[in-house]
Amino acid sequence: MGNGIWVYFDDTDLNNTQNTYGILGKARVLSESLDSSVIAFGIGNFNEEEISALYRYGADEVFLNGFSVTPSGEEYAFIADQVVSQYKPDLMIFPSTEMGKEVSARLSITQRAGLTADCIDITRTQTGNSFIYSRAAINSSIIAQIECVNSNTGLCTVKENIFNSLISIYKSKSEVKYYERPMTWKPACKGKVELISKREAQGIETIDFTTSKVIMGAGRGLQKPEEFELFIEVAKKYNCEYGGTRALVESGVLKKNRQIGQSGISICPDIYVAFGISGATQHIAGMKESKLVIAVNIKPDAPIFRYANYAIVSDAVSILQQMAGNY
Ligand SMILES: Cc1cc2nc3c(=O)[nH]c(=O)nc-3n(C[C@H](O)[C@H](O)[C@H](O)COP(=O)(O)OP(=O)(O)OC[C@H]3O[C@@H](n4cnc5c(N)ncnc54)[C@H](O)[C@@H]3O)c2cc1C
């Protein structure tokens, strides 16, 4: 250990910065227990503001490779491979973006290193010289803890928004330096693979849960359709994004892309308000990074209260009606 924890990002996903800041926050925590440093490793072109934000959110150093050609996974993986071979990071963490997944997969081949995809946590081994990656496995029925042996650099991708960014400013830009290191790109597959065009998927609602500071969650405690409609009305009134449990997805009330939890999305808002949610471990896995949790449940011993900063023992519908101003 000693070559740092590297956080990969690139210019194909600039609207995913909150996720990168969260990964930097996790890298910071890991690095402090290892007395190591955090290096934000970016491929692409970035402006001053984007770079200084990386320092504020936990990077000791920003390592950039500016490229002006069309981004391709093969090319970015080539750059990453050169960097890993030269600097031998202890760990390189990738976001679960399209490019992050492709680059990490290619890198795991060229570096002959194990890659753990879609992690929900990363910890050190007891000896401190390797990492343990947690991820859902066997159709999300268990959380597996994986250690990759026989490689100097650990590789993993992390599920979106699984880690919280640092609340405080870590370092100001003036205290650290960054530099560009251009490289020559030699495509291995030139002429064999060509990107002809790209098309956006139609009819899929894309929800950005990172921009909403307050997210409301609904569970089976909201049993009737009109109760769920009231929940949506309140979410709209307070300008909140909303999601819920798998129980509501299975009953057809909630769309799958709004399912919060182990087999759904992960969120880390400032405030999560849970209405009629029991607090099953699979749901908690997706909202445990919320900074403040308010839970409304009719049962005083509901497990969700163990994770709540504020517990409201009450009928969720009556609370929602008060919030909607219907009283
Ligand atoms: C492989 C696998 C993966 C899974 N992945 C996920 C996942 O990603 N996300 C997820 O959420 N779940 C997931 N689950 C399901 C999970 O185990 C739970 O079954 C689910 O989270 C329960 O949803 P719920 O809290 O809405 O329902 P319930 O467990 O039925 O809880 C309803 C709660 O509402 C309360 N309540 C009832 N009436 C009221 C009222 N009027 N006012 C207030 N409170 C009331 C009850 O006291 C109860 O606590 C997964 C399960 C498996 C096996």
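**Helix packing and the ligand shell**

Visitor: Which residues of H5 and H8 meet?
Guide: This is a predicted model. In it, Glu 227, Leu 230, Phe 231, Glu 233, Val 234 and Lys 237 of H5 meet Val 317, Leu 320, Gln 321, Met 323 and Ala 324 of H8. By class, this contact of H5 with H8 has seven nonpolar, one polar and three charged residues.

Visitor: How does one describe such a pair?
Guide: Two packed helices are described by the angle between their axes and the distance between those axes.

Visitor: What angle and distance apply to H5 and H8, then?
Guide: Helix H5, residues 225–237, packs with H8 at an angle of about 40 degrees, and their axes are 9 Å apart. That angle makes H5 oblique to H8.

Visitor: And is the crossing left-handed or right-handed?
Guide: H5 passes H8 in a left-handed crossing.

Visitor: Now H3 and H4. At what angle do their axes cross?
Guide: The axes of helix H3 (residues 73–87) and helix H4 (residues 98–110) cross at roughly 50 degrees and come within 9 Å. H3 and H4 are therefore oblique to each other. Their crossing is right-handed.

Visitor: Which residues make that contact?
Guide: From H3 there are Gly 73, Glu 74, Tyr 76, Ala 77, Ala 80, Asp 81 and Val 84; from H4 there are Met 99, Glu 102, Val 103, Arg 106, Leu 107 and Thr 110. The contact of H3 with H4 divides into seven nonpolar, two polar and four charged residues.

Visitor: Changing topic: which residues come nearest to the ligand?
Guide: Of the 30 residues around the ligand, Gly 219, Gly 221, Thr 245, Gly 261 and Ser 278 come nearest. The elements that give two or more residues to this shell are helix H6 (246–250), helix H7 (281–287), strand S14 (292–297) and helix H8 (316–324).

Visitor: Which one gives the most?
Guide: H7 does, with three residues.

Visitor: What about the classes of residue in the shell?
Guide: The shell around the ligand has nine nonpolar, 17 polar and four charged residues.

Visitor: And which domains supply the shell?
Guide: Domain 1 (5–180) and domain 2 (214–324) each give at least three residues to the shell around the ligand.

Methods
Residues numbered from 1 in each chain as written. Predicted model: local features only at pLDDT ≥ 70, side-chain atom pairs only at ≥ 80, totals over all residues. Near = placed C-beta within 6 Å. Helix = DSSP H or I, 4+ residues; strand = E, 2+ residues; numbered from the N terminus. Nonpolar A, V, L, I, M, F, W, Y, C, P; charged D, E, K, R; others polar. Domains from an automatic or database assignment. Axes fitted to C-alpha atoms, helices over the stretch in contact; angles between N-to-C directions. Parallel < 35°, antiparallel > 145°, perpendicular 65-115°, else oblique. Left-handed = near helix turned anticlockwise from the far one by under 90°. Contact = placed C-beta atoms within 7 Å.
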